Amino acid sequence: MLGYQTKQQNVAIAGVDDLIIRSLLDRQQFHDPLGQANRLGISSAAWPLFGQLWPSGLFLAARIALRPVCPGERILEIGCGLALASLVGHRRGADVTASDCHPLAEGFLRENLRLNDLPPMKYRHAHWSAAGAKPIGKDIPGSFAIAGQYDLIMGSDLLYERDASGALAALIACHATPAAEVWIVDPDRGNRPAFHRQMARRGFVVHEEPLKQPASNGVEAYKGRILIYRRWPPLVSGTGGKLPGPPARPQ
């Protein structure tokens, strides 16, 4: 790992064994000698962000730790960064695919799988503007974009910048099964209302649940919410043709 420094720490998630996670030492790290990140539109300031553990990612990991593992269910994490939630689901036996646009995300995932004695896990490249439509080619050798559909699509802190084109919502709609759930943990970003509208145009309704954590033991307070999207009307089997009521509207 020449060109940048890393650290290693134990991460505790209720319901699963602690995970050993290798991350970037701090937000000052930067190393893009081949210009891969630059070609993907990742600035030097944004480059280290994938390699940090973020509070929203911890909440997402805690959520997936409580989800029953269903045979045949496919899960996709987008914008995974260090893929903590994916690692938790993978350890529990779920069929998880992690994805990110950063050229080093896959390498860190492989290293964290090794550190935790976990078997290989699927990884795909996902760039909002590409909408999962094609191989990445020379920018990330051997890496392919997302393919197929998933029963759960999840991500954390994805609404950090304005997305006027709706590329993120388009990617989600493309890869969500008709009855899929979508989980987005969001630290109350200002782009949330616009994202709601973009998802609504693609047939999704949203239910919001607040997430709060007081400051303690040097850990900063957190305030955000998990956004749970489902298509309406959903595809439901075994209900005699009756559809359930729509999810509750946010307060």
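Visitor: Helices here are DSSP runs of H or I, at least four residues long and numbered from the N terminus. Which helix gives the most to the lining of the largest pocket?

Guide: Please note that this is a predicted model. The helix in question is α6, which gives three residues to the lining of the largest pocket.

Visitor: Which other helices supply at least two residues there?

Guide: Besides α6 (192–200), the helices α2 (55–66), α3 (84–91) and α5 (167–175) each supply at least two residues of that lining.

Visitor: What volume does the largest pocket have?

Guide: Its volume is about 1,100 Å³. In total, 42 residues line the largest pocket.

Visitor: Which of them lie nearest its centre?

Guide: Those are Gly79, Trp128, Asp157, Leu158 and Tyr160.

Visitor: And how many of the lining residues are nonpolar, polar or charged?

Guide: The lining of the largest pocket has 24 nonpolar, eleven polar and seven charged residues.

Visitor: On to the second largest pocket. How much space lies in it?

Guide: The second largest pocket holds about 740 Å³ of space. It is lined by 23 residues, and Leu53, Trp54, Pro55, Leu58 and Val219 are the closest to its centre.

Visitor: Where does the largest share of that lining come from?

Guide: The largest share comes from α2, with five residues. Both β1 (6–11) and α2 supply at least two residues of the lining of the second largest pocket.

Visitor: Let us change topic. How many helices and strands are there in the protein?

Guide: The protein has six helices and nine strands.

Visitor: Why is strand β4 described as largely enclosed?

Guide: Strand β4 spans residues 95–100, and five of its six residues are buried, so the rest of the structure largely encloses the strand. Buried here means under 20% relative accessible area.

Visitor: How do β3 and β4 run, parallel or antiparallel?

Guide: They run parallel, and four bridges join β3 (residues 74–77) to β4. Within this pairing, Ile75 has Val96 of β4 as its bridge partner.

Visitor: What about the whole protein: how many of its residues count as buried?

Guide: Of its 251 residues, 49% count as buried. The accessible surface comes to about 12,600 Å², and 53% of that surface belongs to carbon and sulfur atoms.

Visitor: Lastly, what can be said of contacts between residues at least 6 apart in sequence?

Guide: Of those contacts, 67% join residues at least 24 apart.

Terms used:
Residues are numbered from 1 along each chain as its sequence is written. This is a predicted model: local features need pLDDT of at least 70, side-chain atom pairs count only at pLDDT 80 or more; totals for chains, interfaces and linings use all residues. Side-chain values use heavy atoms; hydrogens and water are left out. On a 1 Å grid over the protein atoms alone, a cavity is a set of points where a 1.4 Å probe fits but cannot get out, and a pocket is an open set with protein on both sides within 12 Å along at least five of seven lines; lining residues have an atom within 4 Å of a point. Grid points are joined across faces, edges and corners, and a volume is the space filled by probe spheres set on the points. Ala, Val, Leu, Ile, Met, Phe, Trp, Tyr, Cys and Pro count as nonpolar, Asp, Glu, Lys and Arg as charged, and the others, Gly among them, as polar. Buried means under 20% relative accessible area, exposed over 50%, partly exposed in between (1.4 Å probe, protein chains only). Contact means heavy atoms within 4.5 Å. Accessible areas come from the Shrake-Rupley method with a 1.4 Å probe; for residues, only the protein chains shown count as cover. Two strands pair if DSSP finds at least two bridges between them.
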